[in-house]
Amino acid sequence: MTKKIGCALGVGALIVALLLASLLSPRVEFMVGGALVNLGYRLQDQLIRFDFEHDETITPEQIWTELERHNELAAGVRGLFPRTTRHPVAAILACMDARIDTSELMGDTRRYYYVVRTAGSVLSPAEQEMLELAVLNGVKIILLTTHTDCAAEAAAADPEMREKFPALIALMDERERRVEEFMARPTIRDAIAAGKLQVKHARIDTRTDRLVVEPAHEDAH
Ligand SMILES: [Zn+2]
């Protein structure tokens, strides 16, 4: 028996064992699902000899062709195995940084979260209104995040970059004020006062996905 077959059998046995364990409880089933998702991540993570090979000669056309092909494949799978529609109970604001994956962050693929992605995690008025709409639709937790090693934060701290990207920097400079503005919105303030909503603030450790919860801003308004 080759090493490769042995390894495949080992993984197969592990999967069967996990699936049997999943019969025990919803919690175990959830964790087994997470383990299998992570197995998928691990399988794809190291794969560099496929599509977006980071060769400097790759062209935009080639990248677009791969994107379309991926979507076709993914949509085909989704057509065969439709997902359950869920009512989101939480909303997350996160920076657009590619290293942050909200499913990984929460260890949950069930789509219980509205996700707002913006440059530098800035809550512009339109995003504030979207979150307010989410609260009116039943969201009870809003998690406002920033993250370590943020390119937008680094740009805001660099005089040369500040000159080069004035619109982004203007947004970053008002990030805190926008949060205070959001907290002072009557719908948000009233929902918090009625105990129907909590707004949490956290900094994501970009390397580990760990959330470091920061003190509440409820008194900011
Ligand atoms: Zn960022």
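The sections below cover the model, its domains, its strands and its helices.

## Model and domains

This is a predicted model, in which local features need pLDDT of at least 70, side-chain atom pairs count only at pLDDT 80 or more, and totals for chains, interfaces and linings use all residues. Residues are numbered from 1 along each chain as its sequence is written.

The protein is divided into domain 1 (1-47), domain 2 (48-82) and domain 3 (90-220), with bounds from an automatic or database domain assignment. Taken over C-alpha atoms, the centres of domain 2 and domain 3 are separated by 29 Å.

## Strands

Strand β3 (residues 141-147) runs parallel to strand β4 (residues 198-204), joined by 7 bridges, and parallel to strand β1 (residues 90-95), joined by 4 bridges. Two strands pair if DSSP finds at least two bridges between them. L93 has L144 in β3 as its bridge partner, and I141 has Q198 in β4.

Of the 7 residues of β3, 5 are buried (20 or more other C-beta atoms within 10 Å of the residue's own, with C-beta atoms placed from the backbone).

## Helices

Helix α3 (residues 60-80) is hardly covered, with 0 buried residues among its 21. At 1.5 Å a residue, α3 should span 30 Å, and its end C-alpha atoms are 30 Å apart, which agrees; the expected span is 1.5 Å times one less than the number of residues.

Helix α5 (residues 125-136) packs against helix α10 (residues 186-193) at an angle of about 40°, with the axes 10 Å apart. α5 is therefore oblique to α10 (angles under 35 degrees count as roughly parallel, over 145 as roughly antiparallel, 65 to 115 as roughly perpendicular and the rest as oblique).

Notes. Helix = DSSP H or I, 4+ residues; strand = E, 2+ residues; numbered from the N terminus. Buried ≥ 20, exposed ≤ 12 C-beta atoms within 10 Å, placed from the backbone. Axes fitted to C-alpha atoms, helices over the stretch in contact; angles between N-to-C directions.
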